[in-house]
Amino acid sequence: MNKREGRLAKQNKLRQLLLSSPYVLWSIGFIILPLVMVVYYGLTSRDGGGFTLENLKLIWEPTHRATLILSVQLSVISTILCLLIAYPLALALRSLRLKSNGFVILLFMLPMWMNFLLRTIAWQNILEKNGVINMLLSAVGLPKLNIINTPTAIVLGMVYDFLPFMIIPIYNVLSKIGDDVIQAAADLGANYFQILWRVILPLSKPGIVSGLTMVFVPSLTTFVISDILGGGNILLIGKVIEQKFKMANDWNAGCGLSLVLMVFIFICMAIVQKYDKDSEGTSVW
Amino acid sequence: MAQENKLITLENITKKYGGQVVLDDLNLYIRENEFLTLLGPSGCGKTTTLRIIGGFETPDTGRVIFDGQDITNLPPNKRQLNTVFQKYALFTHMTIAENIAFGLKIKKKSKQYIQDKIDYALKLVNLDGFGKRMPDSLSGGQQQRIAIARAIVNEPKVLLLDEPLGALDLKLRQDMQYELIRLKNELGITFVYVTHDQEEALTMSDTIMVMNQGYIQQIGSPEMIYNEPKNAFVADFIGESNIIGATMIQDRLVEILGAKFACVDEGFGTNQPVDVVIRPEDVDLVEPEQGTIQGVVTSLIFKGVHYEMEVEANGFTWLVHSTDLSPVGKQVGIKVDPFDIQIMNKPESEDEEAVGINE
């Protein structure tokens with residue numbers, strides 16, 4: 001390398017550093033630093049500040065454990081429901097062959113632009129004892145349903161709020177599958193169900209995985225939905241963490257529980273991704 | 001050679017897309033063990049014809065007969081034919097072996113049978129040992145050969161190929177042409193091949209069907225299509241040619257650009273306006289006094305096998321291919337052997353010119 005090239009390389013490096021500095025600073029200030037703080041609080045005791053695992057062990061307390069299990073149950077159910085609703089919908093959207101993808105995205109983003117709280121409170125009004133559903137039911141002489149303040153109401157809210165996060169990634173991968181690939185499968189003798197099971201479903205797996213992640217994580221950690229639709233009767237893990245910070249003013253316990261939840265989510269996602277990688281290329285059928 | 005056994009018949013096929021006629025009353029039969037090429041410019045209806053045979057499109061009117069049975073409304077997965085797609089359309093989530101096995105697994109063949117077929121097919125397309133690899137790790141030519149292997153393991157009676165070499169570079173394309181001819185001979189099945197590349201069509205086909213704007217222009221052997229084009233479109237599309245307006249004076253005598261040429265065609269009447277086609281390699285450049293007409297060389301390009309020259313003579317620029325060099329500015333005579341002059345009727349109206357019905 002001659003001198004000129006050396007100087008150029010140096011300049012390039014400097015420019016790279018300069019251009020990337022805002023992002024580096026952002027990452028440090030808003031991602032790494034908060035994470036370090038959560039880890040610090042989570043692993044230190046409230047009174048002395050010494051190292052302790054007590055905050056993490058809190059999750060094993062019977063009440064907290066039950067809360068975690070209920071949270072996982074509800075978010076798993078919501079995620080599966082989202083998948084079951086979103087996949088056929090995304091398939092139908094794909095077969096419409098819309099010219100502009102923007103329109104479809106808009107269709108599903110539009111409700112999301114509405115305030116999250118507003119949407120959830122709207123559901124509260126619909127499900128209430130004297131809400132829209134029960135008014136309609138009693139108008140036709142049917143007994144009232146008791147949905148509000150039950151796990152059903154929470155699941156309903158989660159599905160409604162997080163459905164777009166499932167539809168969009170799945171629709172994206174589906175719309176990238178070429179018509180000729182599907183025709184090739186038909187040409188080789190596959191009927192519609194076989195094409196779906198052996199070609200479309202495996203090819204859309206990346207979208208499914210990302211949809212699962214994007215619905216499961218917010219479902220597991222939300223406390224607003226359970227607050228509004230669960231009426232405080234049903235305690236989810238997100239709510240417990242909120243209470244630790246706000247009511248008990250115990251940052252250490254809150255951070256400890258958050259850490260446990262984070263690790264739990266991380267493991268779940270690792271399992272999903274590993275399954276995805278494993279099945280790739282090997283015989284699924 | 002192709003047997004006289006009609007395997008596929010298309011009867012009065014018409015297809016419109018949003019008011020635009022893509023195929024207009026098309027009739028065609030394909031013989032068993034024939035290599036038929038549908039040739040034409042883009043938008044001529046060749047791919048639509050193939051897709052109707054494959055079952056991916058339904059004709060608006062008309063019938064598709066396969067082996068004596070009406071299959072017009074049969075879905076693709078119920079048809080005894082397989083397609084090789086232009087962009088390969090391999091299943092990217094499966095290995096090469098799984099791709100090839102796809103059709104056989106659907107048909108619930110035994111494991112052993114499938115394994116034997118995979119081995120056989122990979123050998124046939126010269127990709128022995130590629131079974132465990134993923135499609136993405138193969139080159140375009142290799143992927144296309146896998147697509148062919150995936151189709152032929154199902155032992156179709158007919159293989160449909162939709163511009164299968166379109167995405168490959170020239171050298172690979174030429175190699176694959178010979179590969180396809182070899183495959184066709186080894187398998188002994190019918191090939192229906194779609195292309196816009198006339199050289200490809202001439203090299204591989206038993207029969208070429210030239211199409212334009214939804215109409216069949218000419219069907220015939222490659223030699224026939226090349227040497228005796230039925231109209232100016234076919235002449236122009238297949239190879240290079242000099243197409244000149246002329247007058248048929250009487251049987252076996254035609255007047256081209258004011259000079260009388262002997263030819264071999266009869267039955268065009270007397271003093272009839274016609275078009276003549278003369279291939280560039282059939283134009284002989286001789287000393288001026290020996291030529292039927294005289295001209296001057298205006299351009300010269302070396303093309304490898306031959307020189308390409310343009311000769312200005314009697315107000316027409318003649319395209320000439322020859323291995324003998326005539327430098328720019330040289331006075332030359334033009335001579336054409338009688339059997340190298342192809343006479344065609346002039347189209348009678350603009351409409352007919354467009355669709356090429358000029359019989």
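The structure holds 13 aromatic pairs over all chains; rings of Phe, Tyr and Trp (its six-membered ring) pair if their centres lie within 6.5 Å. This is a predicted model, where local features need pLDDT of at least 70, side-chain atom pairs count only at pLDDT 80 or more, and totals for chains, interfaces and linings use all residues. Residues are numbered from 1 along each chain as its sequence is written, chains are lettered from A and ligands numbered from 1 in the order in which they are written, and side-chain values use heavy atoms, leaving out hydrogens and water.

Reader: What kind of pair do Phe35(B) and Phe191(B) form?

Author: Their ring centres are 5.4 Å apart. Planes under 30 degrees apart count as stacked, over 60 as edge-to-face and the rest as tilted. The planes of Phe35(B) and Phe191(B) stand at 40°, so the pair is tilted.

Reader: Is Phe35(B) buried or exposed?

Author: Buried means under 20% relative accessible area, exposed over 50%, partly exposed in between (1.4 Å probe, protein chains only). Phe35(B) has 2% relative accessibility, so Phe35(B) counts as buried.

Reader: Which residue has its charged end over the ring of Tyr226(B)?

Author: A charge sits over a ring if NZ of Lys or CZ of Arg is within 6 Å of the ring centre and within 35 degrees of the ring normal. Here the distance to the centre is 4.1 Å. The residue is Arg279(B).

Reader: Which residues form one aromatic cluster?

Author: The cluster lies in chain A. Its members are Tyr40(A), Tyr41(A), Phe245(A) and Trp251(A).
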